[in-house]
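Thanks for coming. I have one structure to go through this morning, and I will keep it short.

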Amino acid sequence: MSKKNPGKEDKMTKKNKRKLKEGSLAKRDAIVGLLFITPWIIGALVFLAYPLVTSFRYALHNMRMTPLGMRFRYVGYGNFTEILFSQTDFTTEMISYLVSTIISVPIIVVFALIIAIMLNQNVKGKGFFRLIFFLPVIIVSGPILGMLNQEGAGSLTSIDTQAITAILESSLPGALADPISDLFENMVTILWYSGVQILIFISALQKIDRSMYEAAKIDGGSGWECFWKITLPNIKPMILLNIVYTIVFISNNEQNSIIGLIQDSMFSGTQEKGYGYASAMAWMYSIVVLIMVGLFAGLFMSRKDVYEKQVKKAKKAHKKEQRQLKQIERRSARNAKKNAKAGRG
């Protein structure tokens, strides 16, 4: 008869208690986290999910506002086909929006990165300069931006851009030349949109470990090499964030002609248009914006480093070796016990 080992049982009970304690702590943390995000979940369901479902329902109907209430007439995908094949203004404005956004987003992000690098240097009055670049975000927005654009303050004069416009019209087709010319004319307004991006880049630059730059300079690295090998890889997630933010901001801006086109269709008194027609137009516009965000995200999505993959493989191999060593130790212990019993017998 073999006696039980009390020390081993104590270790097992302690281990089980530790596991139970860790499990209860994890559940408690999960409940606390869920309580914290519950207001956001409720807000997303009420102010995001419900309007999305409602707008898609509107897009499949022809809606009429009558004294007796809203009247729905199911048309299926008729609103979508009418927008694609009959509404020429929407297609033209969409092409212009795509071209101008694809060109203006890199300009805004690169300009914000350059200004952020300059404002991150040790210069006197950098707080004042940061304020100057962020003031347009606070002041030049909403109705004020519309008033400034009406007065011509947000665009360059036609005389200054006449040579660029002539070159573009002679070398590119009209569908591409017009949006690019408008981009140069509205360069002031585009640069006004870079205040938030500058702040995001500054916060990312300040989190980079300065010892990395010191080690690179000791090894003979130049400023350009430090930028490409240290700065750019460390701020790559913020570049993607700024790209997405810029696309969403430009797409939802009041100065966007497509937003005005959707609003005009919504409040149109014609029988063909209305809330359903405008909802279909908004859904098509949203799909195009999501596709563009996905394309930019695919280009700038952070990929795993080769060294990181090698480290993970080495860790897995080390764990495998440890398991094999433990198995060998257990086998040797069992064999030693068998040999001891055989010697006693």
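Predicted model: local features only at pLDDT ≥ 70, side-chain atom pairs only at ≥ 80, totals over all residues.

Start with the inside. How many cavities of 30 Å³ or more does the structure hold? The count is 1, and the largest cavity has a volume of about 30 Å³. Its lining is made up of Leu119, Arg130, Phe133, Phe134, Gly195, Ile198 and Leu199. Two elements each give two or more residues to that lining: helix 4, residues 126-139, and helix 9, residues 195-206. By type, the lining residues of this cavity split into 5 nonpolar, 1 polar and 1 charged.

Now the surface. There is a nonpolar patch formed by Val32, Leu34, Phe36, Ile37, Trp40, Ile41, Ile42, Leu45, Val46 and Phe47. Together these residues have about 1,100 Å² of accessible area. Take one of them, Ile37, which sits in helix 1, residues 6-59. Ile37 counts as partly exposed because its relative accessibility is 43%, and that class runs between 20% and 50%.

Last, Thr101. This residue belongs to helix 3, residues 88-119. Is Thr101 buried or exposed? Its relative accessibility is 1%, so Thr101 counts as buried; the cut-off for that is under 20%. Along the chain, Thr101 and Met292 are 191 residues apart.

How values were computed
Residues numbered from 1 in each chain as written. Heavy atoms only, no water. 1 Å grid on protein atoms, 1.4 Å probe; cavity = no way out; pocket = protein on both sides within 12 Å on 5 of 7 lines; lining within 4 Å. Points joined across faces, edges and corners; volume = space filled by probe spheres on them. Helix = DSSP H or I, 4+ residues; strand = E, 2+ residues; numbered from the N terminus. Nonpolar A, V, L, I, M, F, W, Y, C, P; charged D, E, K, R; others polar. Patch = residues over 30% accessible without salt bridge, like charges linked within 9 Å, V, L, I, M, F, W, Y side chains within 5 Å. Areas by Shrake-Rupley, 256 points an atom, 1.4 Å probe, with all protein chains shown as cover. Salt bridge = Lys/Arg side-chain N within 4 Å of Asp/Glu carboxyl O. Buried < 20%, exposed > 50% of the residue type's maximum accessible area, 1.4 Å probe, protein only.
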